[in-house]
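Thanks for making time for this.

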Amino acid sequence: AAVCVNRGMLEVLNWEELQGVRAHEMSHVRNRDILISSVAASVAMGITFLARMAMWGAMFGGGGRDRNDNPLGTLVLAILAPIAATFLQLALSRNREYEADRRGAKLLGTGEPLARALEKLDRGTQLVAGRVDPAQSTAYIANPFAGQRGMLARWGSSHPPMADRIARLRPKAPPMSVPAPGSSSRSWKGLDLLGLQGLSHD
């Protein structure tokens, strides 16, 4: 697995916020979220394939005349099943984002750096329209299509609402600061064990 940091993020985020983002992404790696999302996508694809087969079978009488099948019901199921599978896949993706936020904050000892980073990234995605393939939106820490409004856009998003993520990262207790490189604190050692210090970025 690889974690990439683009130049825009390096220009916008400070050191502590950058460590929050990297801890979040490394939590995705530790949680095997790439594997989980791949399995979910395969299941959704299989459901879509079976639904299409059922739809064409109902349209061309594949069930035979001696059966009491309901063609209309089969067509409705064939249309709704892929949609339901897609929404379940997106719900799983949102859940994994919450979990990566939680584990990333636990790794650092505080969720404040990641919360501040998400605030900055959210402002950027609200102002600048995302020019990426929607199928690749899960590869971003912030939803590149956050500027879209409406309930359908929220439920059809691969990322949970940014305000909810930030609220979960900010407990009532005052946050601890993230130590700079070279510090001997336990938090930085935890990062080093995951290889964060050796990650390269663009």
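If we begin with helix 5, the residues that are buried there are Glu112, Pro113, Leu114, Ala115, Ala117, Leu118, Leu121, Asp122 and Thr125. Please keep in mind throughout that this is a predicted model. The cover over those buried residues of helix 5 includes helix 1, which runs over 7–12, together with helix 2, helix 4 and helix 7. As for its geometry, helix 5 is made of 16 residues and spans 23 Å from its first C-alpha to its last, which is close to the 22 Å expected at 1.5 Å a residue.

Which residues does Met9 touch, not counting residues up to four places away in sequence? They are Leu18, Val21, Leu121 and Ile141.

Let me turn now to charge. As a general point, side chains of opposite charge can pair when their charged atoms come close. In this model, a search of the whole structure finds ten salt bridges, and I will take you through three of them in some detail.

Are the two partners buried or partly exposed? Lys120 counts as partly exposed, at 26% relative accessibility, whereas Glu17 is buried, with a relative accessible area of 2%.

Another salt bridge joins Arg165 and Glu97, whose closest N and O atoms are 3.5 Å apart. Arg165 belongs to helix 7, residues 162–169, and Glu97 to helix 4, residues 71–108, so here the pair ties together parts that are 68 residues apart in sequence. Arg165 counts as buried, at 1% relative accessibility, and Glu97 is buried as well, with a relative accessible area of 3%.

The salt bridge between Glu99 and Arg102, with the side chains meeting at 2.7 Å, N to O, sits within one helix: the two residues are three apart in helix 4, and so they are separated by about one helical turn. Glu99 counts as partly exposed, at 22% relative accessibility, and Arg102 is partly exposed too, with a relative accessible area of 46%.

Beyond individual pairs, salt bridges that share partners join Glu16, Glu17, Glu112, Arg116, Glu119, Lys120 and Arg170 into one network.

I will end with a residue from elsewhere in the chain, Val39, which is found in helix 3, residues 33–59. Val39 counts as partly exposed, at 46% relative accessibility. Its C-alpha atom is separated by 9.7 Å from that of Gln89, although Val39 and Gln89 are 50 residues apart along the chain.

Notes: Residues numbered from 1 in each chain as written. Predicted model: local features only at pLDDT ≥ 70, side-chain atom pairs only at ≥ 80, totals over all residues. Heavy atoms only, no water. Salt bridge = Lys/Arg side-chain N within 4 Å of Asp/Glu carboxyl O. Buried < 20%, exposed > 50% of the residue type's maximum accessible area, 1.4 Å probe, protein only. Helix = DSSP H or I, 4+ residues; strand = E, 2+ residues; numbered from the N terminus. Expected span 1.5 Å × (residues − 1). Contact = heavy atoms within 4.5 Å.
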